[in-house]
Amino acid sequence: QVQLAESGGGSVQAGGSLTLSCTVSKDVYNSGRTGCMGWFRDVPGKEREGVVVLYTGGGDGYYADSVKGRFTISQDKNKNVMSLQMNRLKVEDTGRYYCAYRVRRSSAPCYSTKQAADFESWGRGTQVTVSP
């Protein structure tokens with residue numbers, strides 16, 4: 001079973017930056033499996049939102065419109081870490097952020113969905129609070 005653990009959340013003023021990290025179990029990057037990693041967030045009053053998804057094999061992330069141009073996903077396979085650099089943060093970015101994993105299928109490539117229900121493994125989340 002894939003295990004994930006988020007870190008790096010905190011409080012920041014609007015316009016500031018934070019970097020979130022997701023440490024994943026070694027088999028995600030080193031076993032030859034192909035999967036999709038993603039960052040999601042729970043924002044008060046809304047359903048869990050897919051922020052960005054990424055193929056573990058590399059390539060560009062697929063971002064929600066609300067974060068395009070401000071957030072950047074990356075992964076370090078040697079360290080088994082996926083990161084989310086968040087710049088120009090807004091108050092509406094406040095929420096609990098989760099990393100997640102799902103198996104990539106030919107019928108469901110990574111870019112095809114940012115729906116939380118499609119992801120199989122989850123971390124416990126890390127809180128991000130952006131103040132005015």
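**Ground rules.** I'm working with a predicted model, so local features need pLDDT of at least 70 and side-chain atom pairs count only at pLDDT 80 or more, while totals for chains, interfaces and linings use all residues. Residues are numbered from 1 along each chain as its sequence is written, and side-chain values use heavy atoms, with hydrogens and water left out.

Two strands pair if DSSP finds at least two bridges between them. I then checked strand 1 against strand 3: they run antiparallel and are joined by four bridges. Glu 6 stands opposite Cys 22 in strand 3.

**Ile 73.** Next I went to strand 7 (residues 71-76), where Ile 73 lies. Buried or exposed, I wondered about Ile 73? Ile 73 is buried, because its relative accessible area is 9%; the cut-offs are under 20% for buried, over 50% for exposed and partly exposed in between, with a 1.4 Å probe and protein chains only. Leaving aside neighbours within four places in sequence, Ile 73 is in contact with residues including Trp 39, Val 52, Leu 54 and Leu 84. Contact here is heavy atoms within 4.5 Å. Tyr 63 is also on the contact list of Ile 73; the two are 10 residues apart in sequence and 8.9 Å apart in space, C-alpha to C-alpha.

**Cores.** Which residues touch the most other members of the largest nonpolar core? I got Met 37, Trp 39, Phe 71, Leu 84, Met 86 and Tyr 97, out of 28 residues. Several elements supply at least two residues each, among them helix 1 (27-30), strand 5 (49-55), strand 7 and strand 8 (81-86). Strand 3 gives the most, with four residues. Apart from this core lies another, of seven residues, including Cys 36, Phe 40, Val 53 and Ala 116. A nonpolar core, for the record, is a set of buried Ala, Val, Leu, Ile, Met, Phe, Trp, Tyr and Cys residues joined through side-chain atoms within 4.5 Å. In soluble globular proteins, nonpolar side chains tend to be buried together.

**Strand 9.** Why do I call strand 9 largely enclosed by the rest of the structure? Because seven of its nine residues are buried. I looked up its partners in turn. Strand 4 runs antiparallel to strand 9, with eight bridges joining them, and Cys 36 has Arg 102 as its bridge partner. Strand 10 (residues 121-122) is antiparallel to strand 9 too, over two bridges, with Ala 100 partnered by Trp 122. Strand 11 pairs with strand 9 in the antiparallel sense over three bridges, and there Tyr 97 has Thr 126 as its partner.

**Strand 11.** I followed strand 11 to its parallel partner, strand 2 (residues 10-13), which pairs with it over four bridges. Gly 10 has Val 128 as its bridge partner.

**Two loop residues.** Arg 70 sits in the loop between strand 6 (62-63) and strand 7. Arg 70 counts as buried because its relative accessible area is 5%. Beyond four places in sequence, Arg 70 contacts Gln 85, Met 86, Asn 87, Arg 88, Leu 89, Lys 90 and Asp 93.

Asn 80 is in the loop between strand 7 and strand 8, and counts as buried at 8% relative accessibility. Asn 80 touches Cys 22, Thr 23, Val 24, Lys 26, Tyr 29 and Asn 30, not counting residues up to four places away. I also noted 6.9 Å between the C-alpha atoms of Asn 80 and Ser 25, which are 55 residues apart along the chain.
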